[in-house]
There are 2 protein chains.
Amino acid sequence: MTYCVAMNLASGMLFASDSRTNAGVDHVSTFRKMQFFQQPDERLLVLLSAGNLATTQSVVSLLRQRASAGRDEQNILNVPSMYDAACLVGDTLREIAERDGPALSQSKIEVGCSFLLGGQIRGEAPRLFNIYPQGNFIEATQDTPYFQIGEAKYGKPIIDRVVNYHTPVEDAAKCALISFDSTMKSNLSVGLPIDMLVYDKDDFGPGIHQRITEQDPYFQQLHTGWGQALREAFAALPPMRWKE
Amino acid sequence: MTYCVAMNLASGMLFASDSRTNAGVDHVSTFRKMQFFQQPDERLLVLLSAGNLATTQSVVSLLRQRASAGRDEQNILNVPSMYDAACLVGDTLREIAERDGPALSQSKIEVGCSFLLGGQIRGEAPRLFNIYPQGNFIEATQDTPYFQIGEAKYGKPIIDRVVNYHTPVEDAAKCALISFDSTMKSNLSVGLPIDMLVYDKDDFGPGIHQRITEQDPYFQQLHTGWGQALREAFAALPPMRWKE
């Protein structure tokens, strides 16, 4: 499976994705699920993907191929808005689903996948979209500034407790990593390394990309510190007493 | 939806279930999802249910009806072992699925449900089973002493972190309530009150049943204390710094 989270906050955008794919427990691999589409000083788009790897890779390949082929038709590097970019990703997803769906459904294999698409195109504020397997999508707002795809439930409570639109992006990154740590503790199909990207509003650069491995001292510190803090917090609360 | 958890620990058995059912957001009701089958001094069986309410109620009604009808054929109050009781629940579930399934699938409604069945029959140790929608089941062991059904993922990380076979049942109850609190924070379809039952090995009594409402002072204490402890633990860990 997969776990990805993206946040569009007042202090910046944050993207994080794990990199484990599995087709059965004996076919576990590492694939990056974070893709960048950049025009220096003009746009940065970040695409996170979950679901059928063949489908998500095909979507990304077609988006890249069409962007490099020429600039006549609309492509991911020339669409005028993030909204149009989300439409383009949705349309490309529908195209692949139509092409590969019938053969896959004969073998009862799920063709579906989901995307988080975020970033900024000059002339607009940063925007974040959650693109469904059907190709339609919703946009994050100040009330709901984050989206998750994939194995989202294990790591949702901690985000719901500490992140809002005004959370500093450094704290949001900390929360995202704790959310990944909780997910990986309960679900083997989500695994390190984690790709993380932070983007400052109106920067239009490549953002700061970091790949967090098992050896990352900060991740180790969070992993150990959070586990210990939880056990201490748990021990500090009184046990239940029965009313007999 | 629903959230239920049951644990078979060295120190006793613990059962907990929420009580919210919903058929769409405008049809939210309160139904107890914890049922007891007891023969004083001989057996206590506790059945937790998740899934289609019509199916789970039918299974329970048939189990009760057949137990009170007479003692000739095998019923939930006379089967000689917990294993046989799990078979009986699975068979009854298959019977309802066969009866109601075709009509429901015409309307694309899911007939399926899951059960946790635990308890003790004299002559055996306490046992706990997780009964799948297909009617087959698995049994908890010392390595994996707990099961969840329904909206299980939000509340799984905290159980994975603090509960094992040797956890005192008072701490397991505390953990279960925190697990419910996290689930209810992230998922509206799980709601108070929580039914909780604790059973001491070889007691063969009715166990101690408690219904935990919003006004329950211990639950309020956990809710507030845990939320605050998490925020403090989060704040105590350093924010992420980017390697630029």
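A residue is called buried when its relative accessible area is under 20%, exposed when it is over 50%, and partly exposed in between, with a 1.4 Å probe and protein chains only. By that rule, buried residues make up 55% of the 244 residues in chain A. This is a predicted model, in which local features need pLDDT of at least 70 and side-chain atom pairs count only at pLDDT 80 or more, while totals for chains, interfaces and linings use all residues. Residues are numbered from 1 along each chain as its sequence is written, chains are lettered from A and ligands numbered from 1 in the order in which they are written, and side-chain values use heavy atoms, with hydrogens and water left out.

The secondary structure of chain A comes to five helices and twelve strands, where helices (H or I, at least four residues) and strands (E, at least two) are DSSP runs numbered from the N terminus. For 244 residues a compact globule would have a radius of gyration near 18 Å, and the 19 Å of chain A agrees with this; the radius is taken over C-alpha atoms, and the globule rule is 2.2 Å times the number of residues to the power 0.38. Along its principal axes, the C-alpha trace of chain A spans about 75 × 45 × 40 Å. If contact means heavy atoms within 4.5 Å, then among contacts in chain A between residues at least 6 apart in sequence, 63% join residues at least 24 apart.

A pair of aromatic rings is described by the distance of the centres and the angle of the planes. Rings of Phe, Tyr and Trp (its six-membered ring) pair if their centres lie within 6.5 Å, and planes under 30 degrees apart count as stacked, over 60 as edge-to-face and the rest as tilted. By this rule the count comes to seven aromatic pairs over all chains. In one of them, the rings of A:Y3 and A:F180 have centres 4.6 Å apart and planes at 40°, so the pair is tilted. Because A:Y3 lies in strand β1 (residues 3–9) of chain A and A:F180 in helix α4 (residues 169–186) of chain A, the pair ties together parts that are 177 residues apart in sequence. A:Y3 counts as buried at 0% relative accessibility, and A:F180 is buried with a relative accessible area of 0%.

The rings of B:Y83 and B:F129 have their centres 6.5 Å apart and their planes at 70°, so this pair is edge-to-face. B:Y83 lies in helix α2 (residues 82–106) of chain B and B:F129 in strand β8 (residues 127–131) of chain B, so the pair ties together parts 46 residues apart in sequence. B:Y83 is partly exposed, with a relative accessible area of 41%, whereas B:F129 is buried, at 1%. In chain A, ring pairs link A:Y83, A:F129 and A:F137 into a cluster.

Rings also meet charges here: a charge sits over a ring if NZ of Lys or CZ of Arg is within 6 Å of the ring centre and within 35 degrees of the ring normal. The charged end of A:K174 sits over the ring of B:F234, 4.2 Å from its centre, and B:K174 lies over the face of A:F234, at 4.2 Å from the ring centre.

In soluble globular proteins, nonpolar side chains tend to be buried together. A nonpolar core is a set of buried Ala, Val, Leu, Ile, Met, Phe, Trp, Tyr and Cys residues joined through side-chain atoms within 4.5 Å. The largest such core has 77 residues, and those with the most contacts inside it are A:M7, A:L14, A:M196, B:M7, B:L14 and B:M196. A second, separate core of 25 residues includes B:A67, B:A86, B:L93 and B:F115.
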